[in-house]
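User: I have a chain open and would like to go through it with you, piece by piece. Could you start with how the strands pair and move on from there?

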Amino acid sequence: MSNEDNTVSFLYSGFAHVVLPHKRIANDAAWQVSTDRATMVVEPGRRPSLTGTPEYVGVPYGSKARLILLYLQSEAVKTQSRQVDLGGSFRSWIKLMGIPQGGKSIADVREQAERIARCRLTFEFQNIGNSSGIINQNIIDSARFFTDADGHGKTRLIDSVQLSELFFEQLMKHPIPMEESAIRSLNGLSQALDIYCWLAYRLHCLKTPTPITWAALKAQFGPGVERMAHFRSQFLSSLQMALAVYPDAKVDSNPQGLILSPSRPPVAPKLYTIKKIRE
């Protein structure tokens with residue numbers, strides 16, 4: 001699965017440590033995932049209701065939420081702007097990613113976009129020694145909606161968003177470049193996409209082979225899976241899909257877990273440049 005056009009997407013490095021749910025959870029439930037490096041808590045946002053009591057919209061989940069986040073972050077990095085339009089270019093991009101342009105697929109995209117727009121994140125990073133740091137942030141500061149007739153009444157669509165200043169700053173300081181052809185190949189495979197992003201972040205920074213235990217892998221990639229045997233089988237299948245689109249990745253598995261070895265990044269540095277944000 002080679003990269004045909006060398007087009008690059010970007011992801012905030014914090015999302016390489018922790019992942020969103022793969023499946024829907026209760027609309028009023030928060031999501032937490034922890035590793036030895038970071039903990040992420042995602043709190044669902046609310047929207048006004050006709051009853052006068054705000055209703056929860058749920059946290060983002062699944063492959064479509066991941067693709068929307070990748071688009072928002074990639075556009076922000078490429079344009080050096082917090083303002084991202086969800087117009088024609090977004091529709092072209094999701095079509096390129098293999099998402100059909102009608103029916104349930106578009107309804108799912110609309111739902112995940114609203115969940116992203118309303119949710120709140122807390123990242124807690126563990127540093128060397130006894131120190132740690134917390135970042136509380138929204139992904140999106142503001143969004144503009146418009147109402148569209150969809151055959152079943154009227155649907156509120158998000159037309160444009162402005163990323164929060166803190167999230168944008170963190171993204172610009174710590175972006176992970178990835179091949180869009182790889183993302184396209186992993187469309188619909190949320191765990192394989194998470195693994196690809198993780199390997200894109202970790203492998204090129206390693207100096208020596210590094211072991212990762214199955215317990216650590218399950219905490220990061222399978223917090224919702226009860227049995228280790230089930231998780232391991234599922235993870236190894238997703239890992240092979242991720243390695244198929246990242247052929248330079250040097251990863252070996254054994255009964256204890258994985259061995260990650262120093263590898264070339266999926267995108268050569270010469271293929272992209274990022275201007276630093278002015279202080």
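Analyst: In this predicted model, strand β7 (residues 120–126) and strand β8 (residues 132–138) run antiparallel and are joined by seven bridges. Within that pairing, leucine 121 has glutamine 137 of β8 as its bridge partner.

User: Which other strand is joined to β7, and by how many bridges?

Analyst: Strand β3 (residues 38–43) is joined to β7 by six bridges, and these two strands also run antiparallel.

User: OK, and what is strand β1 joined to?

Analyst: Strand β1 (residues 8–12) is joined to β11 by five bridges, with the two strands running antiparallel. In that pairing, serine 9 has methionine 178 of β11 as its bridge partner.

User: Is β11 mostly covered or mostly open?

Analyst: Strand β11, which spans residues 175–179, is mostly covered, with four of its five residues buried.

User: Let's change topic to the sheet with β12, β13 and β14. In what order do the strands come?

Analyst: The order is β12-β14-β13, in an open sheet of three strands with antiparallel pairing.

User: How many bridges join β13 to β14?

Analyst: Five bridges join β13 to β14, the latter covering residues 257–261, and the two run antiparallel. As one example of who faces whom, serine 253 stands opposite leucine 258 in β14.

User: Which helix lies across those strands?

Analyst: That is helix α8 (residues 214–221), which lies across β12, β13 and β14 and runs at about 65 degrees to β12.

User: And how do α8 and α9 pack?

Analyst: Helix α8 and helix α9 (residues 228–244) pack at an angle of about 75 degrees, and their axes are 11 Å apart. With that angle, α8 is roughly perpendicular to α9. On the α8 side the contact is made by Trp214, Ala215, Leu217, Lys218 and Phe221, while α9 brings in Met228, Phe231, Arg232, Phe235 and Leu236. Sorted by class, the contact of α8 with α9 has eight nonpolar residues, no polar ones and two charged ones.

User: I was also looking at alanine 242. Where is its place, and is it buried or exposed?

Analyst: Alanine 242 has its place in helix α9, and at a relative accessibility of 1% this alanine counts as buried.

User: What does alanine 242 touch, leaving out residues up to four places away in sequence?

Analyst: With those left out, alanine 242 touches Leu186, Ala192, Ile195 and Tyr196. Cysteine 197 lies 45 residues from alanine 242 along the chain, and the C-alpha atoms of the two are separated by 8.8 Å.

User: Back to the helices, then. At what angle do α2 and α5 pack?

Analyst: The angle between α2 and helix α5 (residues 165–173) is about 75 degrees, with the axes 10 Å apart, and that makes α2 roughly perpendicular to α5. Gln73, Ala76 and Val77 of α2 make the contact together with Phe167, Phe168, Leu171 and Met172 of α5. By class, the residues of the contact of α2 with α5 are six nonpolar, one polar and no charged.

User: Where does glutamine 80 sit, and what is its phi near?

Analyst: Glutamine 80 is in the loop between α2 (62–79) and β6 (83–85). Its phi is near 60 degrees, which is a positive value in a residue other than glycine. Glutamine 80 has a relative accessible area of 31% and is partly exposed.

Definitions and conventions:
Residues are numbered from 1 along each chain as its sequence is written. This is a predicted model: local features need pLDDT of at least 70, side-chain atom pairs count only at pLDDT 80 or more; totals for chains, interfaces and linings use all residues. Side-chain values use heavy atoms; hydrogens and water are left out. Two strands pair if DSSP finds at least two bridges between them. Contact means heavy atoms within 4.5 Å. Axes are lines fitted to C-alpha atoms, for helices over the stretch in contact, and angles run from 0 to 180 degrees between N-to-C directions. Angles under 35 degrees count as roughly parallel, over 145 as roughly antiparallel, 65 to 115 as roughly perpendicular and the rest as oblique. Ala, Val, Leu, Ile, Met, Phe, Trp, Tyr, Cys and Pro count as nonpolar, Asp, Glu, Lys and Arg as charged, and the others, Gly among them, as polar. Buried means under 20% relative accessible area, exposed over 50%, partly exposed in between (1.4 Å probe, protein chains only).
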